[in-house]
4 protein chains.
Amino acid sequence: MVNVGILGATGMVGQRFIELLGDHPDLELTTLTASKRSAGKKYEDAVTWYLDCKIPEIARNITVVDTDPNEVKDVDIVFSALPADIARIVEPQFAEAGMVVASNAAAMRMEPDVPLVIPEVNPEHLELVELQRKNRGWDGFIVTNPNCSTIALAMTLKPLYDQFKLEKVYVSTMQAVSGAGYNGVPSMAIVDNLVPFIGGEEEKMENETLHLLGDLDGNTVTPASFGVSASCHRVAVLDGHTEAVFIEMSEEFNVDEVKKSFHEFQGLPQKLDLYSAPAAPIIIREEENRPQPRMDRNAEHGMAVTVGRIRKDNVFNKTLKYILVGHNTIRGAAGASILNAELINEIIL
Amino acid sequence: MVNVGILGATGMVGQRFIELLGDHPDLELTTLTASKRSAGKKYEDAVTWYLDCKIPEIARNITVVDTDPNEVKDVDIVFSALPADIARIVEPQFAEAGMVVASNAAAMRMEPDVPLVIPEVNPEHLELVELQRKNRGWDGFIVTNPNCSTIALAMTLKPLYDQFKLEKVYVSTMQAVSGAGYNGVPSMAIVDNLVPFIGGEEEKMENETLHLLGDLDGNTVTPASFGVSASCHRVAVLDGHTEAVFIEMSEEFNVDEVKKSFHEFQGLPQKLDLYSAPAAPIIIREEENRPQPRMDRNAEHGMAVTVGRIRKDNVFNKTLKYILVGHNTIRGAAGASILNAELINEIIL
Amino acid sequence: MVNVGILGATGMVGQRFIELLGDHPDLELTTLTASKRSAGKKYEDAVTWYLDCKIPEIARNITVVDTDPNEVKDVDIVFSALPADIARIVEPQFAEAGMVVASNAAAMRMEPDVPLVIPEVNPEHLELVELQRKNRGWDGFIVTNPNCSTIALAMTLKPLYDQFKLEKVYVSTMQAVSGAGYNGVPSMAIVDNLVPFIGGEEEKMENETLHLLGDLDGNTVTPASFGVSASCHRVAVLDGHTEAVFIEMSEEFNVDEVKKSFHEFQGLPQKLDLYSAPAAPIIIREEENRPQPRMDRNAEHGMAVTVGRIRKDNVFNKTLKYILVGHNTIRGAAGASILNAELINEIIL
Amino acid sequence: MVNVGILGATGMVGQRFIELLGDHPDLELTTLTASKRSAGKKYEDAVTWYLDCKIPEIARNITVVDTDPNEVKDVDIVFSALPADIARIVEPQFAEAGMVVASNAAAMRMEPDVPLVIPEVNPEHLELVELQRKNRGWDGFIVTNPNCSTIALAMTLKPLYDQFKLEKVYVSTMQAVSGAGYNGVPSMAIVDNLVPFIGGEEEKMENETLHLLGDLDGNTVTPASFGVSASCHRVAVLDGHTEAVFIEMSEEFNVDEVKKSFHEFQGLPQKLDLYSAPAAPIIIREEENRPQPRMDRNAEHGMAVTVGRIRKDNVFNKTLKYILVGHNTIRGAAGASILNAELINEIIL
């Protein structure tokens, strides 16, 4: 067993980490950190538990400590569910102290020597770890996963990018309120309404996607050469981001080949049979009205992306359209970091 | 005053017609039709009233008649809120009987001699009325308005089409449940969920939009020569369709000129000062998180389209992006037919 | 293993039966019935599956048959998820044909020789089975469970009734939309709204509760002698009924004793360790804002009732107040019938 | 015209005050206060406007000042939409400075010399103003209105209390999220859920109701002698509180007489024809499924309470049951204070 901790364990994503680590066969949850206000309390007393499962036994009685590497002992990997501004300061301290930081925070994602990784998409970017350690003189290192809406999109683009010629991707999202944190979206803002804006989200989708599909060439990631244009919107859904994708290719394509490409897609986590890896990273639904967030977000324990309505545009015969749903706080956050850690544990540690 | 009637007066759109005609200065509501089951009843006894205003006095005591031209006396214009399959049979009967049919139904929209009109966009298509009467030997005639989601899109495309070079339009909708009728979307389908499919909607948006912006050349409408690709989705909003629009132009453009184009847009209804015409057909919101359906659907009594987040894509410098909101059962249905009738009343009758 | 079938297997409650029987250790699902329209199809082709789990393997390939005892072979127990009007005709036919009918339908509940049973509350009422068989000359028999909102209430009243002197119970419900079936509550009726009426529900709660807590005296159930007054309302919740309960006792009481009474409550299913029996039929939450339907409906796999805010009225010192949540389609419907069947299997068959 | 100001003008209730005062014939809005952060800004720049109407012209350009009587000139009446803790400090300062404070805040409601008034219910309690001025040596004075859920209940109890013998009132509420302020209820807490607790609300309903219906005897209000027991719950409704009411009387009663009592109810505002007074304070709906918050909250511009399902209990023949809906931020807050001010303006100033 590898000892792991969670930085920022009381928030929404922190709770998902705990849920997913509750009975993990290889990762032993031993440490939980939170703000100074919570330090010293038992986790069950420090947290307002939002999930509809019980607090896993393993976490209930852990005494929460301050988010400070000096407070964290005998831990190999820490998962970061910290806000970006705190992550920027604290994550390097944990790496310097020798720990692996598997971070869901945005702070370090676009640093040139920090791998931004989805294990099914670009596991080879983990090679940057060596450079990072060397550059920064750290014993540990930081690995990040992308933004929630990016992960689901990039997982579906990976097999297409390998097999077809993508030119432009337009994506319009309908994102769940949990993505903004428990208090992020007031009910007054979303009942009988939607909010067609999420700060920073479009830029993340546009940049991170190309970085993920980019080539690691020595010490540098060269972004993929097509373009992504996003429009991001919040709707009255609790969990599960839905995305309407339009892809302009440079050649005509066959819809059945697209489906085959999705269907056969397997990444390194599937080959290595990692514990949290979904058997199928992409699930295809053939019903005319799927995927739907409430019905599909939990596919493969929330770790698969479900795709449907895969169709060629009626007029533009080089344009592919489909809808995807991915669980934003599992596959798009806590589960993504855990899968990164499982991969690191398998091939680096 | 012109006497008017409503065909299919008890449904959602029928009720909106009544609400809007309740105190109309030029159109006098004298007739309401419904299915045989309701015929003979006073309207207030025949209807399950869904709107949160009271039933207008003018309608309350009208005795409902069967949807049959023989039952409708002394009426100049009938508004059709009929289902498409019934409309296809009944609307021609009313036109043959000498009445003007201002229809919200889809049945006759794409008939080559039936005008499909938004008064601000293509009033000149009303010239087809002459051909229609001649072709069919009718004393009356049929004029249609487009589908709800098409209207809002086409109103914003009109000024752009006149001033910029549009190549491709990608549009992703987040549509209100009222668009499916009162019983159309079960709560089990939409609470904590969305449905990424609306039957026939994408085809309507793709075809009707180009027809509306097409040229009437003698007896034929030649569709506009750019392309529209739609992805249509239902969300937990009562009224007001939201659309995320991506437009590829063939040249670079200036965002301020786009805004100016929206801002200065005026159509024939504004010039003629028609009763239901919004002062500004397009309202621009500069807040980063607007337009929102609950906040903006009722702008100009539900007859304006509100546009926001007008921006150039970060990478594709010929791609314009914006969000629009339009009231689907007012501007997108009953109000659209009434504005058509007001225009006909002014320039044809 | 006992072979079981489901009558009306394609609806909401039918699907819950299938979900719960998917891996049942003692009950082997072999037969599914539905309307003639579905007969002859494989279940997965006949059903529009609404639950967010997959269709259990055991049901997927069963060929649906008409709801007719002649079509049902080698089955010991049938679960009825039929509408009341059909149940009234069909359930006796199945009993006559020798099968045990464990029914969730309202049709036969108040027949004097048909047991209306919650296993934790009044298992002794099953003695009526003998009378029923004799009266009607059937080889099989019918056992019913109460209405969804009644079950949750009656489970909490049972320990109180045994220990305290109840005079009047006022109950105000906030019920989930699933209780009305998938198409029962249109989204237009419930988004930004509630509906303060559910046909027949108040009468069911008022009558069934007293019947359940009544004494079986020879061949007759004498209803319990206190009173129940209900006000029933539908709110925008998918699953899980919430009830605000006010109880006037004839003597002062101690809140801690009430909690103790709830906490220690065990019924026959717990003693017999029936498969679907919750370890604790009543769960107490001490947080000031619990129970909540989304958070508590799935407690003990949806088979427990969760109670909170147990308090004495500020002024009326003989009035107890509390809030309860129960899963309406599990504990309140399919799970209730299954627990009845497990009890019958243990003590009668 | 009387000059008026609003204390705490940028919040939800502050905005309702502005909406209602936008075109008031007797009250001229001249002053808006907010926190120091907003002071010095034009109102339209200081506020995040949440209502779906436009900011009234009269308010748009008012320069916001700090909530300090020294900053407020030439104002006769100030409306207080302040939080209770600030109100407790600031409202006396404004009264001391000679202004009439019509407060929606809870801080001063239960002070023995501060009138707690609903103009239709207990206008005679305004006589306490003399005592208050004398006690405290103020030129101005404070008048309060009750909590939102109390107002709607008390308005329906008033005619019953005058005509029938009430013993106990049990009330179970289903309250709108706007009652908690714009950010008060996170969407994560209420989508597919409800919250069966609102801090302090039950106590307010229980105490304020009896105080309102109590007799002013010289200098003291003696509370009415029946009892009120409340259970308060938050549901996914934007505006409009719904309450299920059970009333035990000490004698049998006739439902038609109850309806007559509601129907004929008129208070002083109706007799004086005050501008904001609803023509009918209580509206009766006879449909089996009304009142509903979205359909009925705006009755009489949000100033009436709508009552339905008026019925005698099936068993307890001295128990009356009904459902009511009232608009919580209009009749239950801003509109209540304004009606108080109109009454004061008519009979005191």
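In helix 1 of chain A, the buried residues are A:Met12, A:Val13, A:Gly14, A:Gln15, A:Arg16, A:Phe17, A:Ile18, A:Glu19, A:Leu20 and A:Leu21. The helix spans residues 12-21, and ten of its ten residues are buried, so helix 1 of chain A is largely enclosed by the rest of the structure. Its buried residues pack against three strands of chain A, namely strand 1 (2-7), strand 2 (27-34) and strand 4 (77-80). They also pack against helix 3 (57-60) and helix 12 (330-347) of chain A.

The model is predicted. It scores ipTM 0.96 and pTM 0.97. For chain A, the mean pLDDT is 97. In that chain, 100% of residues reach 70 or more.

Helix 6 of chain C covers residues 148-163 and carries a kink of about 30 degrees. The kink lies at C:Leu157, shortly before the proline C:Pro159. Of the 16 residues of helix 6 of chain C, 14 are buried, so the helix is largely enclosed by the rest of the structure.

In chain D, six strands form an open sheet. Their order is 3-2-1-4-5-6, and the pairing is parallel. The edges are strand 3 (65-66) and strand 6 (141-144) of chain D. Each of these edge strands pairs on one side only. Strand 6 of chain D pairs with strand 5 (residues 100-103) of chain D in the parallel sense, over four bridges. Within this pairing, D:Val100 has D:Phe141 of strand 6 as its bridge partner. In general, strands of a sheet pair through backbone hydrogen bonds, either parallel or antiparallel.

The contact between chains A and B was examined next. Chain A contributes 36 residues and chain B contributes 36 residues. On the side of chain A that touches chain B, at least two residues each come from strand 7 (166-174), helix 8 (201-212), strand 10 (227-231), strand 11 (241-249), helix 11 (293-296) and strand 14 (319-326) of chain A. Strand 7 of chain A gives the most, with four residues. By residue class, the side of chain A that touches chain B divides into 16 nonpolar, eleven polar and nine charged residues.

Chains C and D were treated in turn. Their contact takes 36 residues from chain C and 36 residues from chain D. Several elements of chain C each supply at least two residues of the side that touches chain D. The strands are strand 7 (166-174), strand 10 (227-231), strand 11 (241-249) and strand 14 (319-326) of chain C. The helices are helix 8 (201-212) and helix 11 (293-296) of chain C. The largest share, four residues, comes from strand 7 of chain C. The side of chain C that touches chain D divides into 16 nonpolar, eleven polar and nine charged residues.

Chain C can be laid on chain D by a turn of 180 degrees and a shift of 0.0 Å along the axis, with an RMSD of 0.0 Å. Here, 100% of the interface residues of chain C are also interface residues in chain D, so the copies meet through the same surface.

Note on methods
Residues are numbered from 1 along each chain as its sequence is written. Chains are lettered from A and ligands numbered from 1 in the order in which they are written. This is a predicted model: local features need pLDDT of at least 70, side-chain atom pairs count only at pLDDT 80 or more; totals for chains, interfaces and linings use all residues. Two residues are in contact if their C-beta atoms, placed from the backbone, lie within 7 Å. Ala, Val, Leu, Ile, Met, Phe, Trp, Tyr, Cys and Pro count as nonpolar, Asp, Glu, Lys and Arg as charged, and the others, Gly among them, as polar. pLDDT is the predictor's confidence in each residue, from 0 to 100. The bend at a residue is the angle between axes fitted to the seven residues ending there and the seven starting there. A residue is buried if 20 or more other C-beta atoms lie within 10 Å of its own, exposed if 12 or fewer, and partly exposed in between; C-beta atoms are placed from the backbone. Two strands pair if DSSP finds at least two bridges between them. Copies are superposed by least squares on the C-alpha atoms of residues with pLDDT of at least 70 in both.
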